[in-house]
Amino acid sequence: MSKLFIFAVGGTGARVLRSLTMLLASGVRIPNCDQVVPVLIDPDTQNGDVTRTVALLKRYARIHEALYSDGQKEKTGFFSQPMNTLAHLNTSGGGEELRDSFVYDFGGISQPFRDYLKYNDLSVETQGLVDLLFTQDSLAANLDVGFRGSPNVGSVVLNAVVQSKEMRYLAQSLQDGDRTFFISSIFGGTGAAGFPLLVKNLRDANSPLAHPEIRRRLKAGALVMLPYFKLQDPSADEKSAGQDFIDSNTFITKTKTALSYYADNLKGLEAMYYLGDQPGQPLANHPGRAEQRNQAHLLELLGALAVPHFMEVPDNQLDSNQPLYHEYGLKADTTDIDFGQLPTEMRQEVARPLIQLHYFARYFLKHTPEDAKAPYYEAGDLSAQLRNNRALRELTDFFGEYNEWLRELGVNQRRYTAIRADEMDFNKMVADKTVETGIFSKGITPGFFRDELTKAVGKATLNNPTENEALRWVVKAFEEATGEILDKKLQYS
């Protein structure tokens, strides 16, 4: 079974992974991949971006397991991409036990950087060298909020990652055909520092990690996010109060420095994806913890599409001595981005599943509770199932997070408007594809949708189903109904 290990480093990595999870929920599949294994890396365990993505990943994994717990392997469809944690890879990992988590365990780093270095125990000469390399603010900074735009600090702390049981476990599980993909920003602290270290040590044949030959043959790609947002400057009162803030005015300088370093020192990647944009309105300046919970951004969605693109490239076209470099450009420099702005092949791969997922979520949340007398509703005993079925409640909660994500994509200066988040009329939900209505057709009405659900169900009636069987019944019905609706009304491909 071929696996894809995705290292999402820092807050930006977590946000891109959040968008990728929504794509997978819609039925977008990662080619040549039997299992996705996400690993989020951030010492700020309370980071709002990370905790939100972890909760989403867990919910996705539970829904997938409920849908396909009988060993069924669907190649397409909602939630069909298998996803799991490192702890579920069925490897001995050297006899070590891992937490069943999508997050790398830093073990609760809570001291200042000075204490992490054991500064007071160093010789006078070494202390002088440390003082040359790090500012007093960096030495005093608490590590439990991450590295706050300081990759030089992060590069020291993140060296511990490569010696961790998680990395030993991962290396032990590697097989020929597996791949890795790294997602990070280049202008922050955690991502800019962690990404090159992970690549270097995963490739190092002299490291104590298992399977050096497989690690040498492993195909690896990376998405590097260039600056695409900026942060508010702190007020004079906030500065005088001694609060910690990130200076986004240094993002471009840091990006240039990191790119120069990558050009000379970053080896071992077969493909690099670069993505950035002119920043819009400044975001609130939260250095870390729960307050760092940025709204979803179009570039994170576009960045997530780099993952299936990389996995589609055959092994014989990937060579770390001659890596492929990719950038992304919209068809036009406009603030509102619909499916028409995407390249034709990408539009075919993502437009249809995203529209189907949206129709599913909108009807399931808004109209299904009103369909008590509909044939499909009675056939599935949905009155009882929607009230008592925990698996269906997971689906409801997932759709709530999906709606939040979609709304957030529409509020940035560069807005994703392909699907209108708050539009209630199915005929107008897709921005660049209006359904024709007139005297003889009202287009996609709730009644038409209800009829398609009934046709999809046919004579299949649930009799004392398990929770998972009921979930599969519902998802299959909506998958068939939304597919028919798109074919009949949108004719969207």
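Start by picking Ala8: opposite it, in strand β2, stands Leu40. Before moving on, two notes on the ground rules. This is a predicted model, where local features need pLDDT of at least 70 and side-chain atom pairs count only at pLDDT 80 or more, while totals for chains, interfaces and linings use all residues. Residues are numbered from 1 along each chain as its sequence is written, and side-chain values use heavy atoms, with hydrogens and water left out.

Now widen the selection to β1 (residues 3-9) and β2 (residues 35-41), which pair in the parallel sense over seven bridges.

Next, bring in β3 (residues 179-185), which runs parallel to β1 and is joined to it by five bridges. Leu4 has Arg179 as its bridge partner there.

Which residues sit on the two sides of β1? Lys3, Phe5, Phe7 and Val9 are on one, Leu4, Ile6 and Ala8 on the other, and all are buried (under 20% relative accessible area; exposed is over 50%, partly exposed in between, with a 1.4 Å probe and protein chains only).

Select Phe182 and show its contacts (heavy atoms within 4.5 Å). Leaving aside residues up to four places away in sequence, Phe182 touches Phe7, Phe195 and Leu269, among others. Phe7, Phe182 and Phe195 are also among the residues that touch the most other members of the largest nonpolar core, which has 140 residues. Such a core is a set of buried Ala, Val, Leu, Ile, Met, Phe, Trp, Tyr and Cys residues joined through side-chain atoms within 4.5 Å.

Time for charges. The structure holds 26 salt bridges (a side-chain nitrogen of Lys or Arg within 4 Å of a carboxyl oxygen of Asp or Glu). Then go to Arg414 and Asp333, which meet at 2.8 Å, N to O. Arg414 is buried at 15% relative accessible area, whereas Asp333 is exposed at 72%.

Last stop: select Arg15, Arg18, Asp49, Arg52, Glu300 and Glu408, linked in a network of salt bridges.

Conventions
Helices (H or I, at least four residues) and strands (E, at least two) are DSSP runs, numbered from the N terminus. Two strands pair if DSSP finds at least two bridges between them.
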